[in-house]
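Me: I would like to learn how to read a helical structure. Please show it to me and take one feature at a time.

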Amino acid sequence: MPQTAGTLDSQQKTTSRRPAGTLYRGNTGMWSWVLHRITGVAIFFFLLVHILDTALVRVSPEAYNAVIGQYQTPIMGLGEVALVGAIVFHAFNGLRIILIDFWNAKYQRVLFYVVIGLWVVTMLGFAPRHLINVFSH
């Protein structure tokens with residue numbers, strides 16, 4: 001019986017190793033993509049809030065000083081660690097994406113682990129020093 005276009009016979013259905021409809025299905029490529037989008041959106045919203053609170057100085061210097069006073073709390077210090085973590089991951093992963101685009105995609109998994117390693121090393125260098133400064137005041 002001839003096979004029509006767009007259909008699979010039972011042997012083709014059972015021998016396929018990749019799930020239909022996606023390339024990743026939870027592998028490192030998908031998680032890299034998801035984390036890149038999340039960190040990008042988080043950085044965008046930080047920049048939006050930063051521009052708005054900086055513009056507040058022209059409207060009311062007293063209100064600006066009150067907002068800046070709220071930023072000098074331990075909770076915001078932890079937020080700064082999260083912000084730096086997002087920026088560092090987004091930057092390293094962006095370089096990874098450039099390398100994959102111009103080099104060879106078969107090394108994307110190794111490069112993802114390199115990004116995670118560099119991120120951990122960078123955060124281990126930044127977070128303790130920053131948190132000591134935040135909690136010592």
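Reply: Start with two helices, H2 and H5, which pack with their axes 9 Å apart at an angle of about 45 degrees. This is a predicted model, in which local features need pLDDT of at least 70 and side-chain atom pairs count only at pLDDT 80 or more, while totals for chains, interfaces and linings use all residues. Residues are numbered from 1 along each chain as its sequence is written, and side-chain values use heavy atoms, with hydrogens and water left out.

Me: What describes two packed helices?

Reply: The angle between their axes and the distance between the axes. Axes are lines fitted to C-alpha atoms, for helices over the stretch in contact, and angles run from 0 to 180 degrees between N-to-C directions. Angles under 35 degrees count as roughly parallel, over 145 as roughly antiparallel, 65 to 115 as roughly perpendicular and the rest as oblique. H2 and H5 are therefore oblique to each other.

Me: Is the crossing of H2 and H5 left-handed or right-handed?

Reply: A crossing is left-handed if the near helix is turned anticlockwise from the far one by less than a right angle, and right-handed if clockwise. For H2 and H5 the crossing is left-handed.

Me: Which residues of H2 and H5 meet?

Reply: Contact means heavy atoms within 4.5 Å. From H2 come Thr28, Gly29 and Ser32, and from H5 come Gln108, Arg109, Phe112 and Tyr113.

Me: How do H4 and H5 pack?

Reply: Helix H4 covers residues 74-102, and its axis is 9 Å from that of H5, at an angle of about 155 degrees. H4 and H5 are therefore roughly antiparallel to each other, and their crossing is right-handed.

Me: How many helices and strands does the protein chain have?

Reply: Helices (H or I, at least four residues) and strands (E, at least two) are DSSP runs, numbered from the N terminus. The protein chain has five helices and zero strands.

Me: Which residues does UniProt list for "transmembrane region"?

Reply: The unreviewed UniProt entry lists residues 34-52 and 110-127. UniProt positions are in the numbering used here, feature names are shortened, and annotations may be inferred rather than shown by experiment. In the model, residues 34-52 are 100% helix, with end C-alpha atoms 27 Å apart. Residues 110-127 are also 100% helix, and there the end C-alpha atoms lie 25 Å apart.

Me: Is Val110 buried or exposed?

Reply: Buried means under 20% relative accessible area, exposed over 50%, and partly exposed in between (1.4 Å probe, protein chains only). Val110, in helix H5 (residues 108-135), counts as exposed because its relative accessibility is 52%. Arg37 lies in helix H2 (residues 28-59) and is partly exposed at 41%. Of the 137 residues of the protein chain, 19% count as buried.

Me: How many aromatic pairs are there?

Reply: Rings of Phe, Tyr and Trp (its six-membered ring) pair if their centres lie within 6.5 Å; planes under 30 degrees apart count as stacked, over 60 as edge-to-face and the rest as tilted. The count comes to three aromatic pairs. One of them joins Phe44 and Phe45, whose ring centres are 5.3 Å apart with planes at 70 degrees, so the pair is edge-to-face. Phe112 and Tyr113 form another edge-to-face pair, 5.7 Å centre to centre with 65 degrees between the planes. Phe112 is buried at 8% relative accessibility, whereas Tyr113 is partly exposed at 48%.
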